[in-house]
Structures are given as structure tokens and as C-alpha cells.
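Open the model in your viewer and keep the selection panel at hand. The stops below each give a selection and then what is found there.

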Amino acid sequence: MLDTITQTACSVLNCRFAWLLTFEEQENVLKTASVACDTDDMEQNFRRTIALHYPGGQFPARFGDNPIAEVFLRNTSLVGLDVTKLANIDGGEPLMLTLSTLQLNSVTLVALRQSDHLRGVLVIADGTNTRMASEEGQHLVKALRRLATLELDYLALQEELEQAEARRQAERNFYQVVLNTIGDGLVITDAEGKITYASQRLLMMTGRNSQDLLGSAFVDLIDAESRRHFDTVFQKSPDSSIRLEIRQQDGSLIPVLMTRVVTRDIVGQGNSAVIVLSDLSNLQEQEKSLQRQTRRLEAVNRASRAISARIDIEAVIREILTSAHEVLNAVVTCIGLQDTDEALVIVATHGSQAMHGRVIPVGKGIIGWVAAHAEPVLVSDVSEDARFNEELDDDPGLETRSMVAVPLIASNEVIGVLAAINRERGVFEDGDRATLQSLGASAAVAIENAMLFEQTHNRLTELSTLLDASAALASTRDLRSILEQITRRLREALGVGRVVVATVDQRLSQMSMVASVVDAAWDRVSAPRFALVAGSPKRAALTQANSVSLGSINSEWPDYYELLMRGARYVLNVPLRGGDKIEGVISIYGQDAMKPAQAAAVEKAAAGWHDASDDPWDDLTILCHRTLQAANALWCAVYQYDSATSALYLRRETGVASWEEHAAPLINLADFLTLKETIIGGEARTVSRAAVTSKMEERYFDQLGVSTALMVQLSMQDQPAGLVQALATTSNSFDDSAFSLVEGIANVISSALKSAALYSSVEKRAEALEAAYREIEEADRLKDELIQNLSHELGTPLTHVLGYLSLLEEGAFGSLQLEQKNTIHMIVEKAGRMAELVKHMVAMHSGDVHHLNLKATRLDQLAALAVRSMTARARAAGIEIVANFPANLPLVRVDQVAMSEVFEALLDNAIKFSRGGRRVEITIHDFQGPTLQVTIRDQGIGIPPQEYDKVFKQFYQVDQGTTRKFGGMGLGLAIVRKIIQAHSGRVWIESEVDKGTTIHFTVPKLDLSASTGATGRLAKTT
């Protein structure tokens, strides 16, 4: 319809361009409604050009912005205006440029307004102004203005009618909602969210009157917690349903289901809403009851499963308390266990620490009453119960209101009490007591089982530790090695940070360490603190590495006691850097002077440690391992520097060391009264840091970061000989099993000291025998040289013989008859077997196995190559080789050539002796220990048990018949053992005659082994 207006204007006025713009009140802009031009190209050029200046063809209806707005707002007309004159009107230049581009030189702008209603603007343009400037043209323009205004009025009226219809439809929707929700609360809100209508039902639900509600904001009825959810949901979807809580007149909350329907205001001013509120109080209460019961059942079931799955008593108790806390909504839960027949001890709490460790006499207070009568108790108000005892039952951190407690009964005896204090809301109910009883029944059985397991585990640990200690004593005469193994094993068994073994002289005046092992870490709060004394080596190490000895530093400095208490004579201090910042100091301890190269190696190994994790101080194990390896040392400590306090804090210490007797610095026992009393008195005892009285003992505890010490005497020939100390970094409570274990270890160490003394007395006699052994060794050396020379002398011609025989067999010297070929083939086989025997003799007597070329290697790759090389031989014997190599095996450090020979020798043996067998299996195991284990299993003739050790000897065969039947000189397994032992591994046999043989051997993993360099012997694994 609007297009007709512009087209009529062009026709009546005989002009080239007509443009109609309508006014959009809400946006306050004039928008292009219709354009009529001579040609389509002209219209396209106009729309494109005008859009460059006014996007979308829209003109803001503001004074001083553009000529079209000026004409519209002033309700005037500009008739027959020269286009160039538009530039003189504010904002008119873009319009002038647009019309000039279309070669339009005259323009007329007419405001379209009816009474007080602004409707739009009509723009007419032509190449000349002759027609529009005439009187006739002006009359035509006025007629067109009336026509366009009437048309726009008609369109506005039509829109109003549509809005009225929409309002009537909204009213019909409203009435329909009312009819569908009779009995629920009903609210109508305006566009601003204010209540314009509230039903009687809503007034009853909220306890308010209509005067209170009408005109107030609806959201004020909604609880603050629900309001955030309300805003989130209805911003995304205006027409929605949601569960929330509304506040009554008295401040209490009631749950409702809110349904909202938004309707568009007829005049387009905003949105009104119809809101229906359905009371869910009864339904929600039923749901809560079912949920509570469900949670109780789930908690009991979950706790029962978790409890039955655990064997650690602390984990069992923690699970019980957590479950009771959750299901009962309790503020505090606690467990008391029977310490004696007369008392309980609160061993664990949840929600408070004030009651932890409290001793409750049986029969006293509510908890004690439950233990005495073996009956559950529910007290809704403790102030009305005579059994309640504030000193025993109350938690000082809260006001106890209600309490529920149940006995823990196992094997018809009360072993403890499970109690809960105060519900978070309200008081405890009968259902809570029933739930706690169910938990208590499961908990009692689990606690009893965990106690039995703990006792059994402690006993097994004690026995295994003693067995290991005895085995170490029997395995070597090296006292230092024995003590090193025993102290390490004892520390692991007790779970303490440090174990020290010290000896004393007969006058009991001085003590000297002989073995010590530490693996301890401290957090920033509990870490031992050391002030930095001016001029001390530790302070100097914050800028530059330094090495000092015990005798070269001031005896009053902490550095001096640092060495003395650790039994070390030298310490290397290296600054620990985190980027450009000094973070602390790494200290390396030893008995020998430190070299500058060690400091450089430590600094290099520690580079980048700070970037290893978000909190590099959280775990310093890798840093310690790298620095010890770099310095080729056994003992180190990491100190953190705090610039605010100008102090160092000991965060990590690890190491193991043993000394020749009296090689470590001597400590005057007169300064260590507690240690001296233990040595003289002979009675094992525990001592805490707070209990020591002498200054030196305080320094001893502080320097080593010790909180509690367990001390046991060593004796020789019923005389005090020394001390074993288990030093805990926390307030450790050593139980009877710990005392028993350390006392047993002390007996073993005493035996070791006696054996060492005895060994020392006979050492001179051993020296006398050594001369005789030298003669035997010389004879063995001459024998080995003879065999070696003979082997080389045989090997060279055999190589030539085999070469010519192979050429002869292949027909290189002329064709052969079948019988000749068979004969030569047999000779080649025999000569080859002879060459193999010579090779074994050379290998057995060569020194190569002692000078291994060690490299980081994947053991499964070497094994796979050996399997591939032996597959053809196995297939010829009708045997399948089955390999089982797990993925991602740790690296080992081995001589690849020597280890390949081990695999080939063992596979050759398995194939050779698999009489009637059809399968050889090779498997590599990682049992998470320090070594990888290889297993090769055949289905052959087997070996009698009495021959297990003998088959590893040179030239040994089980019997002569075997030698004749299978061949060989009995060197293969001897070579295998020699190579494996050179790698610090072990090889052994399991076999059953006529059923097969299994050979196992181990190789140390890379990260648990140490080496003296790229080549050389493997160092002993520690």
C-alpha cells in the first residue's frame, strides 16, 4: 500500500524519485518504508549509497541530526529546494551527496502529521524544480501529503486493532489459567513485576492481606536463596515452572510449585504475568521423610561395604564417623574404645577436636552409661537427663542440646561407644538411633577385625624384620653392611623418620654412631628452624657453595651440631635456586672431604627443580635422589630459606650411612643424660622432646627434627655396648609391638657386634692362611691361562676348517655325490659344535664379564631379539617359543651383548632339553620391586633337586648319559650366572624330573641402581 504512495507521487508530479519514511516511536527513528525510481538500477544505487551514511536507511529523530528529522519534528515542508542547499542544514551533506549521485538537483521534503500523531516524511526529487515549484505542483504536494498521512493513520489504526485482539486473547488465556488452577494461589503482576491481583488462596498461604500485597514486588515474597534460582530460570524461559520457597507473614518458609505465564501488554509497554503457586508442604515433608530414610539405608549400606573392605583400623573409624555425620546431620560424632575395663578413650572425632583423647570412666556420663549397660541411648534434651556430665559428654566448642549413643559390641563384649552430639537442625529422633545402631553393629565387627589384623600385621612385621636382620647377619661378616641393612629395614617396619645405632666404650664416657638411616619430611609449620649465624657456612651457602669439616667451624654454630649429631665429619652446602631467586640450601654429608666438582654436579642436578610442579616444596624426593646421584653420595638434607625470618627450615632429609667403629665423631655421654640412663639402666624407654632436660639433648632433638624417641640398650657379654634409637618426626606413640621389635633388633645387632669382635680376633689367623690360598689361586690362574690359550689356539684353525667345509658342502670345489654331501654335512655340524664349545671356554675364562659396557636398555627388546634368533632352531626341533612381555616396562642398565648371550644360552638349553616338549615360554615380570624378573620355562627332562646348585658350576653335567645324548661341556649356565651376578642380579632354578625346568633371573631397574660410570662394574644396590 505504501508503495502506491511513492509511485503516485512520481506519476502525478512527473518526477524521477519518491521516498517514504515512517516513524518508529519505540526506537525513535525514521525508517525507509518505500522507494520509487525511474529504473531499478537507480533504486539499487540509492539504497546502497544511503546505507553507507545511514545503516539500514534509518534516520534518528533528533534535532540537528539530519534534514529529514528537522522537517519531521518541526512539522514543516521544504518544497523545490536545490539539492546543494541541503549541505547548509545540520547533517544534510550525506543526503546531498546521495541525491547528487543520482543526478537529482531539486528536492521536496514534506512532514506527514495528523493532529498530534507523527507519522513520517515524504521525500520527492527530480532533475529540475520546474514542476514542484509551480503553484500547481505545490497543490499536488499538499494532496499527496494528505493521502500519505491518511494511509499511515489507517495502518496505525489497524495495528491498534491487532493489539486489542491480542489483549482479548491474553484475557481469555488468563481466564483459562484461573479455571485450571482453582484452589491454588493466584497472582497477577504488571510489567514492573508488581502485584496487581492476589487470590484469596494466596492470602491464606502467606498469612497476609490484600493491602499488604497489592502494589508490592512479587519477588519480595520469594526467599533469598530461591530468588537467585528464580532469576536464572525465568531469564532463560519466561513461561516456566519452578520449585521455590516463599516467605509467610511470620517469616517461616513454605515450599511451592510456581507456574508463570507472561503476556504481552497491549500497548507494547512491557510484559504482565499470571503466576500460580501450588502449596507443596505436605508433599515435600513426605519426600523429606523418604529421603531421610533412603539416606539412612544408603549410608548404612555404604558404610558396611566400606568398613568390610578396609583392614586399616584408622580408615575403618574414619569411615564410620563420616557416615554417621552425614546420615544423622550431626554436628559432632565420636568413637570411644575400651582402653581398660574401667575406662574408654575417645580415639577419633568428626566436627571437633576438643573431645579427642578424652578418658571417660565406664558408667560415668551418657557415653560411660552406654558402655556400662550395653544399651543405646537417645536424649532429646540433655538438660533433663541426669546421666549427662558436662566434663565427659559435652564439647566445649558448642552447647550440647541432644545426643544419641550406641554401644559397639563384638563377641558379646562392649569394645566401645559410637556417639553423635546435636543435629544441625532440630533434635535426634528414633530413626536416628536405629540408624546409628545399624552402623554400630557393622562398625564393631569391623573394628574388632581391624584390631586383629593390626596385631597380626605388627607381629608379622616384627617377625619378618627380625628374619631379615638375622639373614643379613648370616649373609656377610661385613659389620657395616649388616648394620646398614638392619637399620633400613627397622625404619621401614616402624614407619619412623630415622633409626640410629651407636656404640659406647667400656667406661661409658663417649658414644659413637656406627649406622644411621633417615627418610623424613616436614611441612613448613613443623619443620625444624635454624637461625643463620653471621659467618656460618650455611649463611655463606646462600650465595656460593662451600665445603667444611667438623674441626674447621665454630663449635657454637648450628652447623657444628648439624655435623656432630649426624655423625658426619664433612658437609657440602650448595645454594638451591628457583629461577633467579635463592630458595634454600642442599647439604651433602660424608666422612671424606668434598670436592668442588661435587658442588657443580649438585647445582646442575638441581637445575629446574622449581618448575617440576605447582608446589616444588611439597615433594622433594626426586630432588634428593638426583643430587645424591650427582654427588655420588649417600646422605643429603634440603633446607628452605625464609628471608622474612632470616632462617633455614629443614624440609627433607634422606640417606643411609655406616661407619667403622669410632670413625664417626665421638659424643660425650655426660651431656646426654637420657641416653646414658638408658644405656646403663638397660630398660627400653620412650622420650619426647618436651621431656629432655639437658641442653645437648635438646639440640640433638632439634637438629634431627625429632619429636619422640624409642631407645633400647645394646649389650655384649652382659655389659652395656650401645644404643638403638627409633626417632619419630611426629608425636608418635610407640606400642608394645614396637618395643618388642626394637628389642629383638637390638639382640640381633648385639650378636653382630659380638661376631665382629670374634672375627677381628681371628683375622690374624686368616692372614696366615692367605699365603696358602695364594698358592692355590696361582695354580688356578695358571690353569685358566692354559685353558684360555688352548681355547684360542683351537678357535683359529677351527674357524678356517669350518669356512672350507662350508664351501666344500656348497659345491664350491666341484659337485659332490649325495653320500659325500651327507658326510661333509655331519663334519660341519661336529666342527660347529666344537667351535661353540671353544667359544664357551673363552667366554667362561675371559675377563669381559667384569668390565661391562652398561647402557640404559629395554630388557624386552633384548629378549625379543634373542627369541627371533632362536626361532629357526626351535622350529626345527618342533618347539614353539611363546613370549610374554608387558608394555611400559622400566629401563634397566645392562651390557647389551652380555645380556643377549644370557637370553640365547637359556633359550638354547630349553630347546635342547625339551624332550617330548612342544613349548618354551619366556616372560618378564615387574613385581614393583627394585628388579625385573625373567622366567624361561620348558617342558623337558627336568633336573633333580639335589642338582640345582651344581648345574651352575663349570663343566658340570647332571650325568654322563646326558652329556652323551645332548652334548655340551656344561658351561652355558656357568656363563649365565657369571653375567647375571656381574649385573648385581640373581639366578635360580625350579624343576621337576620329566615335567620341565624353569629358570629365573633378576636384573636391577635403572632408577634403583647406581653405576660408577658408562662402563665398569655395577655398584651395589642400596
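Select Cys636 and Cys624 and show their side chains. The model is predicted, and in it the cysteine sulfur closest to that of Cys636 belongs to Cys624, at 3.7 Å. That is too far for a bond, because a disulfide needs the two sulfur atoms within 2.5 Å. Cys636 is also buried, with a relative accessible area of 0%.

Next, select Cys10 and Cys15. Here the sulfur of Cys10 has its closest cysteine sulfur in Cys15, 4.2 Å away, which is again too far for a bond. Cys10 counts as buried, at 13% relative accessibility, since the cut-off for buried is under 20%. How many disulfides does the structure hold? The count is zero.

Now select residues 596–606, helix α18, and residues 621–631, helix α19. Two packed helices are described by the angle between their axes and the distance between the axes. For α18 and α19, the axes come within 8 Å and cross at roughly 150°. This angle makes α18 roughly antiparallel to α19, because angles over 145 degrees are classed that way. The crossing is right-handed. To see the contact, show Gln598, Ala601, Val602, Ala605 and Ala606 on α18, then Leu623, Arg626, Thr627, Ala630 and Ala631 on α19. Coloured by class, the residues of this contact divide into seven nonpolar, two polar and one charged.

Stay with this pair and select Leu620, in the loop between α18 and α19. Is Leu620 buried or exposed? Leu620 is buried, with a relative accessible area of 3%. Beyond its neighbours within four places in sequence, Leu620 is in contact with Trp609, Val638, Arg651 and Arg652.

Move to residues 859–876, helix α24, and residues 896–912, helix α25. Their axes come within 9 Å and cross at roughly 40°, so α24 and α25 are oblique to each other. α24 passes α25 in a right-handed crossing. On the α24 side, the contact is made by Leu859, Leu862, Ala863, Ala866, Val867, Ser869, Met870, Arg873 and Ala874. On the α25 side, show Gln896, Met899, Ser900, Phe903, Glu904, Leu907, Asp908 and Ile911. By class, this contact has 11 nonpolar, three polar and three charged residues.

The next selection is residues 558–566, helix α17. Seven of the nine residues of α17 are buried, so this helix is largely enclosed by the rest of the structure. The buried set is Asp559, Tyr561, Glu562, Leu563, Leu564, Met565 and Arg566. Step on to Gly567, which follows α17 and has a positive phi, near 75°.

Finish at residues 972–982, helix α27. How many residues of α27 are buried? Eight of the 11 are, and the helix is mostly covered. Show Gly972, Leu973, Ala974, Ile975, Val976, Ile979, Ile980 and Ala982 to see the buried residues. After α27 comes Ser984, with a positive phi near 65°.

Terms used
Residues numbered from 1 in each chain as written. Predicted model: local features only at pLDDT ≥ 70, side-chain atom pairs only at ≥ 80, totals over all residues. Heavy atoms only, no water. Helix = DSSP H or I, 4+ residues; strand = E, 2+ residues; numbered from the N terminus. Buried < 20%, exposed > 50% of the residue type's maximum accessible area, 1.4 Å probe, protein only. Contact = heavy atoms within 4.5 Å. Axes fitted to C-alpha atoms, helices over the stretch in contact; angles between N-to-C directions. Parallel < 35°, antiparallel > 145°, perpendicular 65-115°, else oblique. Left-handed = near helix turned anticlockwise from the far one by under 90°. Nonpolar A, V, L, I, M, F, W, Y, C, P; charged D, E, K, R; others polar.
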